[in-house]
Amino acid sequence: MAGIKGAPAPITVAWVVAAVVVIAVLVAAAVRIVSSLLAGPAEQARYVSPFDAHPVVRDVDPYVPDDATHYEPPAPRVQAAFVPGQTVVSLTFDDGNESDSLAARMMAERGMVGTFFIASGSIGQPGFLSYNALRGVAALGHEIAGHTVNHLDLTAMPPAEAQREICLDRATLTAWGFNVRNFAYPFAAANPAVKQAAMACGYNSARGLGEVKTRFGCKECEPAAVLPPTKLDETAAAAPVTVEWTLEDLKDSVRAAQPAGGWVQLTFHGVCTTTCDFFGVQEGMLAEFLTWLQAETQNGTTVVRPVEEVIGGPVQPVVAASGSTAPLLPGANAVLNPGLDVGGGGAAELPPNAKVLGTVPTCWQPGAFGSHKAVFSAAPLANTGDTAMSLQVQEHVEGEARLMQAMDLGHCSPPVVAGRAYTLEASYTSSALTQFTVYYRVDRGVWVYWTSSKFFPATDTFARAEWITPPVPPGVTAISFGLGLVQNGNLVTDDYALTETPGIQAG
C-alpha cells in the first residue's frame with residue numbers, strides 16, 4: 001500500500017533493532033578508545049583496536065601484469081664476424097627510462113639495433129618503461145640486457161648482496177621471456193668481487209664507462225676498444241653522453257675511431273623533447289646523429305651493432321639469487337641491529353627537504369616524502385644500549401618521514417613467509433602521534449607500500465609500540481617497517497623487533 005506523499009516512513013521493528021545495534025557498536029568503540037586514552041603510555045602503545053583496517057591486497061606487484069612471463073622475444077642474434085679496420089658502434093641506453101621507447105623507434109626507423117640495459121626493479125614505476133613498453137622495445141629487434149634490480153652502487157654493499165642484485169635482475173628479465181646475455185655496472189662501479197659476481201650470474205660480458213678517449217675523459221686512452229674485446233668482465237666504453245655533449249662530440253666519437261677501427265660503445269640515459277636533466281640527450285640532436293651515422297654505414301667501413309652481436313656466446317642458464325628467506329625460529333627477532341647501536345649504514349637517497357646528521361645505523365635507512373623538513377640524527381638518551389635515533393619534523397604540510405630497515409634483497413630486510421602474520425615492536429618517545437609504516441618485497445626484488453598501523457600516542461618516556469600485521473600476501477619474501485611522523489614533532493626510536501605471531505595464518 002503506497003504511503004502518503006511527503007509523510008515520514010513508518011517506523012518498523014527492524015529499524016529499531018538496527019538502530020540499537022549501531023548504537024551498541026559505537027558505545028563499545030567509545031569505551032575502548034576512552035580506556036586506551038586513560039591508560040599509561042605503555043598500555044596505550046600496546047592497545048590494538050579491533051577496528052584497525054587490514055587492507056585486502058588485490059595486486060601484490062602493481063607494476064607488472066599477470067602475464068609477464070608469457071612473452072616470446074625474437075631469437076638472440078649471433079656474433080658478427082670481425083673485419084680488420086672496421087669501426088663498430090654500439091648504441092646503448094641505460095636504466096629503462098620511459099623515453100627508451102622513443103629511442104627504440106628512432107633507431108628502428110633508420111635500420112639500427114641497439115642494446116637496452118634494464119634495471120628490472122624500475123619497470124612499471126613512474127618515469128620508466130612499463131612491462132608492455134619493454135616488450136615493444138624487444139619486438140623492434142633491440143637487445144634487452146641487465147643492469148641490476150635497484151640500480152645501486154654494487155661496490156658499496158656486501159658481495160653476497162651485490163650478487164643478488166645482479167642475479168635476480170637477470171632471473172627476472174629471463175622469466176619475462178627476454179634473452180639476457182650482457183650486463184652494465186650501475187655507475188660503472190666495479191671491483192674484483194663485483195666483476196666475479198657478474199660473470200657468476202651467467203653474463204657473457206659486463207660494461208664499464210670512461211675507458212675510451214673523448215673530450216670528456218680518459219685523454220690517454222685509445223679512441224676505440226680493440227676487437228674482439230680482451231676484458232669481458234669490464235668492456236671499455238666512452239664516458240656517458242650528457243647535456244654537455246654536442247652533435248659534433250657525438251660525431252667525433254665515431255670519427256676518431258674510423259682511421260684504425262675498433263669498438264665504440266656510446267651510452268645514453270634518456271631522450272628529452274624539452275628540458276633535459278644532466279644525463280639527457282635532446283631528441284632533435286639524437287635524430288641528427290642517427291641520420292648522420294646511418295650515412296656513415298653506407299660503405300661498410302662503419303657498422304652499428306648491438307652488444308650481443310659483438311660479444312656473442314650462448315644464453316647461459318639462470319643462476320638463482322640466494323637470500324635469507326628461511327622461516328624464523330619461534331620467538332626469534334628478525335631485525336638486524338635492532339638497538340641501532342652499530343653504525344655504518346649506507347648513504348641514503350633523500351629529497352632536498354630531509355637530511356641526516358652523522359651516521360645511519362647499519363641495516364637501516366631514513367626515508368621521507370611530501371612537504372616538510374625532516375632531520376635524522378643519533379639520540380644519546382637510548383632505551384637500551386648506547387644510541388637511539390631521533391627524527392625531527394618541522395613545517396609539515398603533508399607527507400611522512402620515518403626510519404626503516406634497509407630495503408635490500410636479503411642482507412638486512414627481515415624475511416617473512418606468505419600467509420603468516422608478524423608482530424612489529426619498537427620503543428619510542430614522541431611529542432606527536434606516531435605509527436608503523438610497512439613495505440613488503442616481492443619475488444623480483446621490488447619494494448611496495450603495504451600498510452600502516454594505528455597511531456600510537458605521544459609520550460615523554462619510553463613506551464613500547466606493538467602491532468600485528470595482516471597475513472603476508474602470496475609472493476612476498478620480506479618486509480621493512482619503522483615508526484614515523486606525519487605531522488610536526490620529535491620522535492626517538494630504539495629496540496625494534498619483528499617476530500612471527502603464532503596461530504595467525506591466511507585461510
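**Notes on disulfides and cores**

1. The torsion about the S-S bond of C167 and C201 is about -95°, so this disulfide is left-handed. The bond joins distant parts of the chain, 34 residues apart: C167 sits in helix α5 (residues 159–175), while C201 lies in the loop between α6 (192–200) and β5 (205–207). Helices (H or I, at least four residues) and strands (E, at least two) are DSSP runs, numbered from the N terminus. The two sulfur atoms are 2.0 Å apart; a disulfide here is a pair of cysteine sulfur atoms within 2.5 Å.

2. A word on the basis of these values: this is a predicted model, where local features need pLDDT of at least 70, side-chain atom pairs count only at pLDDT 80 or more, and totals for chains, interfaces and linings use all residues. Residues are numbered from 1 along each chain as its sequence is written, and side-chain values use heavy atoms, with hydrogens and water left out.

3. The classes are buried under 20% relative accessible area, exposed over 50%, and partly exposed in between (1.4 Å probe, protein chains only).

4. The structure holds 4 disulfides. With the bonded cysteines of the chain numbered in sequence order, they pair as 1-2, 3-4, 5-6, 7-8.

5. Another of the bonds is C272 to C276, with sulfur atoms 1.6 Å apart. Its S-S torsion is about 65°, so this disulfide is right-handed. C272 is buried, with a relative accessible area of 10%, whereas C276 is partly exposed at 21%.

6. C218 and C221 are also bonded, and their sulfur atoms are 1.6 Å apart. C218 counts as buried at 18% relative accessibility, and C221 counts as buried at 18% too.

7. On to the cores, meaning sets of buried Ala, Val, Leu, Ile, Met, Phe, Trp, Tyr and Cys residues joined through side-chain atoms within 4.5 Å. The largest nonpolar core has 71 residues, and L91, F178 and F289 have the most contacts inside it. Helix α8 (residues 283–296) gives the most to this core, with 7 residues. Apart from it lies another core, of 44 residues, including L340, V393, C412 and L483.

8. Which residues does F178 touch? Leaving out residues up to four places away in sequence, F178 touches Y71, P73, Y131, L134, R135, A138, I144 and L173, where contact means heavy atoms within 4.5 Å.
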